[in-house]
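Reader: Hi! Could you walk me through this one?
Author: Happy to. Here it is.

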Amino acid sequence: MLAREQIEIKTPDQVRLMRRAGLVVADIHAALREAVRPGVSTAELDAVCAATIEAAGAHSNFLGYHDYPATVCVSVNDEVVHGIPGPRVLKEGDLVTFDCGAYILDGGQQWHGDAAFTTVVGGEYASASDRLLDTTTRQALWEAIAAVARAAAGRTSGRAARLNAIGDAVEATVDRALAQAAGQGHPEARLGILQEYVGHGIGTAMHQAPDVLNYSIKRKGPKLRPGMVLAIEPMLTSGGPEVCELDDGWTVVTQDGSRAAQWEHTVAIVPGGVWVLTAPDGGAEGLAPFGIEPCPLAERG
């Protein structure tokens, strides 16, 4: 493994190993979507995650990470990230984010996957604000992935061919969503982009260089190139971006009590495009509105 300040570049075979881990994470998400409902506790949902990992013969990369006590982070309403599962019972209209991962072993080496999604318990948003928050966060994720795909295909230059493309895409998505809301008679709509928590590189460890910012900066980031694998994860609030950590040492909540959402995928840059390792279809559905197809690597013969 390269030093932390360096970006770990994967070979095609290593990306294929990460795809195996990514599909375990996709299975966890499918199981959680099936299990979440009014009346279920967050501890029960952690058990669903743990059982899915065990059935796959994989390993949790959350459980025990800096002493984290569960296999999934379950963040509810004003909880932004790192919510610890427990006795809390979900109710209709709760906005819940599940962030989880898994790794597989190959020759004693770990290969990681990490992804998150937000859902509304019971299927009906409690407010227009919740709908705007969740849909914008998901859109920001796919706008960012599409920006990386265009860079990987050689269709961009300058900062659009660098890591900056991700933060620029997220920020532009938020600006468009707020402008549209104002145009529809909702000038009071708010969205905040978290700055204290960001995406990251991923591979032989869950968190690696580079930091993947969800906002624009002037400084040039590294060029996007094949072999990079990034956990892209926009995190937004329906108010201000200021957050604080609870006494449990993990759960991060918004300071103003506004709700939060997070969407994340593990994305490999491959020759000519991207392969979304934690999406069962490799990112085909999410990228289709942009006229982009994923570029899965062929299985070894």
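**The sheet and the pocket**

Author: Five strands form an open sheet in the order β7-β6-β8-β13-β14, with antiparallel pairing (strands are DSSP runs of E, at least two residues, numbered from the N terminus; two strands pair if DSSP finds at least two bridges between them). This is a predicted model, where local features need pLDDT of at least 70, side-chain atom pairs count only at pLDDT 80 or more, and totals for chains, interfaces and linings use all residues. Residues are numbered from 1 along each chain as its sequence is written, and side-chain values use heavy atoms, leaving out hydrogens and water.

Reader: Which strands stand at the edges?
Author: β7 and β14 (273–276) do; each has a single partner strand, so one side of each lacks a neighbour in the sheet. From one strand to the next, the twist averages 25°.

Reader: And how many bridges join β8 to β13?
Author: Four, between residues 229–232 and residues 265–270. Valine 229 has alanine 268 of β13 as its bridge partner.

Reader: Switching topic, which residues lie nearest the centre of the largest pocket?
Author: His82, Tyr197, Val198, His200 and His207, out of 22 lining residues. A pocket here is an open set of points on a 1 Å grid over the protein atoms alone, where a 1.4 Å probe fits, with protein on both sides within 12 Å along at least five of seven lines; lining residues have an atom within 4 Å of a point.

Reader: Which strands supply at least two residues each to that lining?
Author: β6 (199–201) and β7 (208–212).

Reader: What's the lining like by class?
Author: Ten nonpolar, six polar and six charged residues (Ala, Val, Leu, Ile, Met, Phe, Trp, Tyr, Cys and Pro count as nonpolar, Asp, Glu, Lys and Arg as charged, the others, Gly among them, as polar).

Key:
Axes fitted to C-alpha atoms, helices over the stretch in contact; angles between N-to-C directions.
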